[in-house]
Amino acid sequence: MPGPFAWFIWFVGLLCEATVLVCAYKRQALRRYFLLNLYVAGLMASEIGRYYILIEHGFKSLQYRYFYYYSDAILTVFLYFALSTLYTHVFGELKAEKYVKLGTILLLAGTALFSYSVVVQSSAKLVTHFVVELSQNLYFVGLVLTYVLWAAILKLRETRTRLVQIVLSLGVYFSLLAANYAIRNLYPGLSAYSVPLVQVFSTFLPLAWAYAFWRLPEDARLAPSRLAVIPR
Amino acid sequence: MSRKLAVVLFVMVVLVAAMGLKTIVTTHGDGSVMMAAGSAPAPPTPWKAGSAPAPPTPWRAGSAPAPPTPW
C-alpha cells in the first residue's frame, strides 16, 4: 500500500482538481474552457475510481494496474483534445477552427497508427500495450504541441493573461513529466525519488488552472512587451 | 487546398518531432512507462507480474554482438 506521503499528495491532488471546477464555475469559465474542465472532471472521477479499486483490490492488484493505465490513456486523449481547444482560442481570430480540427484528428490518427505499428509485433496483451503506448506517445505529442502553441502566442503577440497562464502551465507540466521520465531512464537508481515526484507534479496542473480561473479575469491583458522583445 | 496541405505537413512535423523526442528520452530506458494523469500512486505496468526487480537485459553482458530477440 502507498505510504502516508502518497496518500497526502493524492488527497491534495483531488482537492486541487475540485478547486479548478469550483473556480471555473464561479468565474463562468465552464463553457469557455469546456474540454479543459471536462478533462479535470474526468481526472477527478478516475481518481475516485482508483481510490475505491485500490482499497478494494490492493496496490499491486491487476485490477488497479489495468484501471490506472486505461484511465490514464483516456485522460490523455481528453487532455489532447483540451489542448486542441487552446489552439482554437489562439487562432480564433484567423478563422482557422476548421484547420485546427482537421489537424487534431489527423495527428491523433497518426499517433494511434504509429503506436499500433510499434506494439503489433508483441503478440501478448496487444490491446493493453497499445493503450499504454498511445498514452505515452500522446504525452510527447502534447509536449511538442504546447511548445508550438507557445511559439504561436509569442509570434501573434497574444495578450489574454488567462490563456497565456493556461498554456504556460501546460508547458511546464509536460516538461516536468518528460524531464522526470528522462532522468528515470538515465538513472534507474533514482526511481525511488522520481516515481513519487510524478504524483507531486500531477498536482501542479490543477493548481495552476485553479489560479488562472480564480485570479485572472477573462478580460485581463498582458502588455505585449512582457511577452517578447522583437528587435526591429 | 494549400492550407490543408500545410495542416498535413504540420501534423507530420509534430509527429516526427514528438516520436524523435520520445526516442531520445527512452534510449536508455528499461521499459518503464511514463504515467502522469492524476495524483494517484502509480502501480507497475500490467505486464510486469510480480514485484521482483527486473534483471538486466540479456544482450547487455559482454561485448559480443547482440543476437536477435528470442521472440
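Helices here are DSSP runs of H or I with at least four residues, numbered from the N terminus, and in this predicted model A:Val167 lies in one of them, helix α6 of chain A, which covers residues 161–186. The structure holds one cavity of 30 Å³ or more, and the second largest pocket has a volume of about 500 Å³.

- With a relative accessible area of 2%, A:Val167 is buried, because buried means a relative accessible area under 20%.
- When neighbours within four places in sequence are left aside, the contacts of A:Val167 are with A:Leu86, A:Thr146, A:Leu149, A:Trp150 and A:Ile153.
- A:Leu177 is ten residues from A:Val167 along the chain, and the C-alpha atoms of the two are separated by 16 Å.

**The largest cavity**

- Rolling a probe the size of a water molecule over the atoms shows where empty space is left.
- The largest cavity has a volume of about 40 Å³, and the residues that line this cavity are A:Thr76, A:Leu79, A:Tyr80, A:Leu83, A:Leu138, A:Tyr139, A:Gly142 and A:Phe174.
- Sorted by class, the lining of the largest cavity contains six nonpolar and two polar residues, with no charged residues.

**The second largest pocket**

- The second largest pocket, with its volume of about 500 Å³, is lined by 20 residues, of which A:Phe91, A:Tyr99, A:Val100, B:Val7 and B:Phe10 are the closest to its centre.
- The lining of the second largest pocket divides by class into 16 nonpolar residues, three polar residues and one charged residue.

**Packing of helices α7 and α8 of chain A**

- Helix α7 (residues 191–202) and helix α8 (residues 204–215) of chain A pack with their axes 4 Å apart and at an angle of about 15°.
- The two helices α7(A) and α8(A) are therefore roughly parallel to each other, because angles under 35 degrees count as roughly parallel.
- On the side of α7(A) the contact is made by A:Val200, A:Phe201 and A:Ser202, and on the side of α8(A) by A:Phe204, A:Leu205 and A:Pro206.
- The contact of α7(A) with α8(A) has five nonpolar residues and one polar residue, and no charged residues.

- Most residues other than glycine have a negative phi.
- A:Gln28, although not a glycine, has a positive phi of about 55°, and this residue is found in the loop between α1 (4–26) and α2 (34–57) of chain A.
- A:Gln28 is exposed, with a relative accessible area of 71%, because exposed means over 50%.
- A:Arg157, also a residue other than glycine, has a positive phi near 55°, and its place is in the loop between α5 and α6 of chain A.
- With a relative accessible area of 36%, A:Arg157 is partly exposed.

- A:Val118 lies in helix α4 of chain A, where, at 38% relative accessibility, A:Val118 counts as partly exposed.
- A:Val118 and A:Ala29 are 89 residues apart along the chain, and their C-alpha atoms are separated by 39 Å.
- A:Leu38 is found in helix α2 of chain A, and at 32% relative accessibility A:Leu38 counts as partly exposed.
- The C-alpha atoms of A:Leu38 and A:Phe59, which are 21 residues apart along the chain, are separated by 27 Å.

Technical notes
Residues numbered from 1 in each chain as written. Chains lettered and ligands numbered in written order. Predicted model: local features only at pLDDT ≥ 70, side-chain atom pairs only at ≥ 80, totals over all residues. Heavy atoms only, no water. 1 Å grid on protein atoms, 1.4 Å probe; cavity = no way out; pocket = protein on both sides within 12 Å on 5 of 7 lines; lining within 4 Å. Points joined across faces, edges and corners; volume = space filled by probe spheres on them. Nonpolar A, V, L, I, M, F, W, Y, C, P; charged D, E, K, R; others polar. Axes fitted to C-alpha atoms, helices over the stretch in contact; angles between N-to-C directions. Parallel < 35°, antiparallel > 145°, perpendicular 65-115°, else oblique. Contact = heavy atoms within 4.5 Å. Buried < 20%, exposed > 50% of the residue type's maximum accessible area, 1.4 Å probe, protein only.
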